[in-house]
Amino acid sequence: MFANRVRKNFRSLHPAFERRGVGAFRVYDWDIPEIRALADWYEGHLVVAGYAREQTDAIPGWLTAIASAAADALEVPAKALHLRSRRTRPKAGERYSRLSRTGARLEVREAPLRFLVNLDDLLDTGLFPDHRETRARIRAESAGASFLNLFGYTGTFTCAAASGGARRTVTVDASAAVLRWAEDNLRLNRLSGDHAFVAEDATRFLDRARSRQERFGLCLVDPPTFSTRKDAPAFDVQRDHPALLESTLALLEPGGVLYFSTNHQRFAPRLSGLSAREIREITEETAPRDYRRTPHRCFRMVK
C-alpha cells in the first residue's frame, strides 16, 4: 500500500517540480490512515519518517520494511534511503537528538536558489520544503528592505530575501552551528552584501535591538513549537506568541511587513490587540500542493 501510494504521488508531482527547478518535495503525507509516516524526495534521495507509537514499535523492522518498499518503487538505491523516527512532545527528555555525525551535505534546488541539506545527522534536514511558497513571497517583497530572520535556522529565508534585493539582512538563531550553515547557503548562492548573523536567544535579541532603536522593513518569524534550552526560558508558541509578535512588531518601520508561521498542529491564534494595522492569514496561499495535511499556519501583518 505504501509503495503504491508513494509511486503514484511521485509520478503526479515530479514532472511539474522538475519544470520549476524544485528538487525537494513531499511524496507521502500520511495519506493512508494505517501508515503513519512521511516521505520526502531530495534530489534522488528518499527520507522516510515514521511516527513512534505502540502499534508499530512492537513490530521489529516495521519502518525499515515500508521505507525499503517505497525506495524500490522509486528505484532509489539503499545508500540514498534515509530513515527517521518522529515522536510527539515527550513527557521527559529531549524531543530531538543527533542521529549520526557524517557531516555529509547535499545541494537541493529551489529555483532560483540552492540549499545545503544533511539527510543523516539530525531529525530535520536543514530545509523545510513546505515553506517554498513563503520563501517566494519573501523574495518578491524584499527589494531594498532591511530584513530580519528571527529563529533563522539555516538561513533559507535569508537567501530568499538577499536574492530578492534586500539591502541588509540580520539572521538570529540560538545555535551558532546552524548560523554557519546559513552563511554556507549564502555563499552557495553567491549572495554577498550586508549580512549579519547573531547567535542569541530571540527574546534577548529583541530586547537589545529595541534599546538600539534598530528598525526593519520586512521580517520572518518562524519559531519552534516548543523550546526547553538550558540557557534560555522555556518557550511555548501557543502561550508566548502574542508577546513575541508584539516585541517583533516594535522593530518594524511603519508599513513594515511581518510574516509569522508556526507548525503547531492545534495552534489557536491570539492576534487581537497587536500593533498592526492589517493581519491576514495566508495559510492557503503558502501551503504547497504536495502536502496533503496543512503543514503550517502562516500570517501576514503590516505595522
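This tour goes through aromatic rings and the charged groups over them in a predicted model. Residues are numbered from 1 along each chain as its sequence is written, and the side-chain values use heavy atoms, with hydrogens and water left out. Because the model is predicted, local features need pLDDT of at least 70 and side-chain atom pairs count only at pLDDT 80 or more, while totals for chains, interfaces and linings use all residues.

A search of the whole structure finds ten aromatic pairs, where rings of Phe, Tyr and Trp (its six-membered ring) pair if their centres lie within 6.5 Å, and planes under 30 degrees apart count as stacked, over 60 as edge-to-face and the rest as tilted.

Select Phe260 and Phe299, a stacked pair with 6.0 Å from centre to centre and 20 degrees between the planes. Phe260 lies in strand β13 (residues 252-262) and Phe299 in strand β15 (residues 297-302), so this pair ties together parts that are 39 residues apart in sequence; strands are DSSP runs (E, at least two residues), numbered from the N terminus.

Phe267 is in the loop between β13 and β14 (278-281), 32 residues from Phe299. Phe267 is buried, with a relative accessible area of 5%, and Phe299 is buried at 3%, buried meaning under 20% relative accessible area (1.4 Å probe, protein chains only).

Then select Phe10, Phe17, Phe25 and Trp41, which form one aromatic cluster.

Finish at Arg293, whose charged end sits over the ring of Trp30, 4.3 Å from its centre; this requires CZ of Arg within 6 Å of the ring centre and within 35 degrees of the ring normal.

How values were computed
Helix = DSSP H or I, 4+ residues; strand = E, 2+ residues; numbered from the N terminus. Buried < 20%, exposed > 50% of the residue type's maximum accessible area, 1.4 Å probe, protein only.
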